[in-house]
Amino acid sequence: MVSQAALEWLERAEKDLRLAEHDLAGGFADAAAFNAQQAAEKALKAVCLARSGELHRMHDLVLLGRLVGLDGQLLSECASINEFYASARYPDVGAPVSFKAAEGAIRVAEKVFLWSKKQVV
C-alpha cells in the first residue's frame, strides 16, 4: 500500500515543478530555480516516506538522493541545483540565476520527479 504522506509530498513536488515552469515563463529565473530545487527536494522526500516512513528535514539533494539510492548522473545533476535553495532567494548568496540555469534546474527537477514517482506509485 502506498503511503498517503508520500503521495502528498509527491503532489507538492509536482505543484512546485509547475510553479517553476510558470515562473520561468514569466521571466523570473531566480524563482524558477528555487521552485525547481524544491520540487526535487519534495520528490526525494516522498521516496523517503514511502520506503521508511521517515521524513528527513534537510535541503541537501545529494544527501537525500543517497538516502533513497539515487546515483550516477541524476545524483550529479542534483548536486548542480542544490545551491538554488539559498542562492535563488538571497542577493548576497551566489551569483544571480540565469535563464539558462533555471531551465536546466527545471529539467533536473523533472527527471527527479519522474524517478521518484516510479519509486512511490
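**How the helices pack**

Tutor: Helices α1 and α2 are roughly antiparallel to each other, because their angle of about 165 degrees lies over the cut-off of 145 degrees. Please keep in mind that this is a predicted model.

Student: How far apart are the axes of α1 and α2, and which hand does the crossing have?

Tutor: The axes of α1 and α2 are 8 Å apart, and α1 passes α2 in a left-handed crossing. Sorted by class, the residues in the contact of α1 with α2 are 18 nonpolar, two polar and five charged.

Student: Which residues does Asp16 touch, if I skip its neighbours within four places in sequence?

Tutor: Asp16, which lies in helix α1, is then in contact with Asn35, Gln38, Ala39 and Lys42.

Student: And is Asp16 buried or exposed?

Tutor: Asp16 counts as buried, because its relative accessibility is 11%, and the cut-off for buried is under 20%.

Student: What about Ala5, where does that sit?

Tutor: Ala5 is also a residue of helix α1, which covers residues 4-25, and with 31% relative accessibility it counts as partly exposed. The C-alpha atom of Ala5 is 8.5 Å from that of Gly53, although these two residues are 48 residues apart along the chain.

Student: Switching topic, at what angle do α2 and α6 pack?

Tutor: Helix α2, residues 29-52, and helix α6, residues 99-120, pack at an angle of about 15 degrees, and their axes are 8 Å apart. That angle makes α2 roughly parallel to α6, and the crossing of α2 and α6 is left-handed.

Student: Which residues make that contact between α2 and α6?

Tutor: On the α2 side they include Ala29, Ala36, Leu44, Val47 and Arg51, while on the α6 side they include Phe99, Ile106, Phe113, Trp115 and Gln119. By class, the residues of the contact of α2 with α6 divide into 20 nonpolar, two polar and one charged.

Student: One more helix, then: which residues of α4 are buried?

Tutor: In helix α4, which spans residues 72-81, the buried residues are Leu74, Leu75, Glu77, Cys78 and Ile81. Looking down the axis of α4, these buried residues fall within an arc of 160 degrees, so they line one face of the helix.

Student: And what covers the buried residues of α4?

Tutor: The cover includes α2 and α6, together with α3 (61-67) and α5 (84-87).

Technical notes. Residues numbered from 1 in each chain as written. Predicted model: local features only at pLDDT ≥ 70, side-chain atom pairs only at ≥ 80, totals over all residues. Heavy atoms only, no water. Axes fitted to C-alpha atoms, helices over the stretch in contact; angles between N-to-C directions. Helix = DSSP H or I, 4+ residues; strand = E, 2+ residues; numbered from the N terminus. Parallel < 35°, antiparallel > 145°, perpendicular 65-115°, else oblique. Left-handed = near helix turned anticlockwise from the far one by under 90°. Contact = heavy atoms within 4.5 Å. Nonpolar A, V, L, I, M, F, W, Y, C, P; charged D, E, K, R; others polar. Buried < 20%, exposed > 50% of the residue type's maximum accessible area, 1.4 Å probe, protein only. Arc of directions from axis to C-beta.
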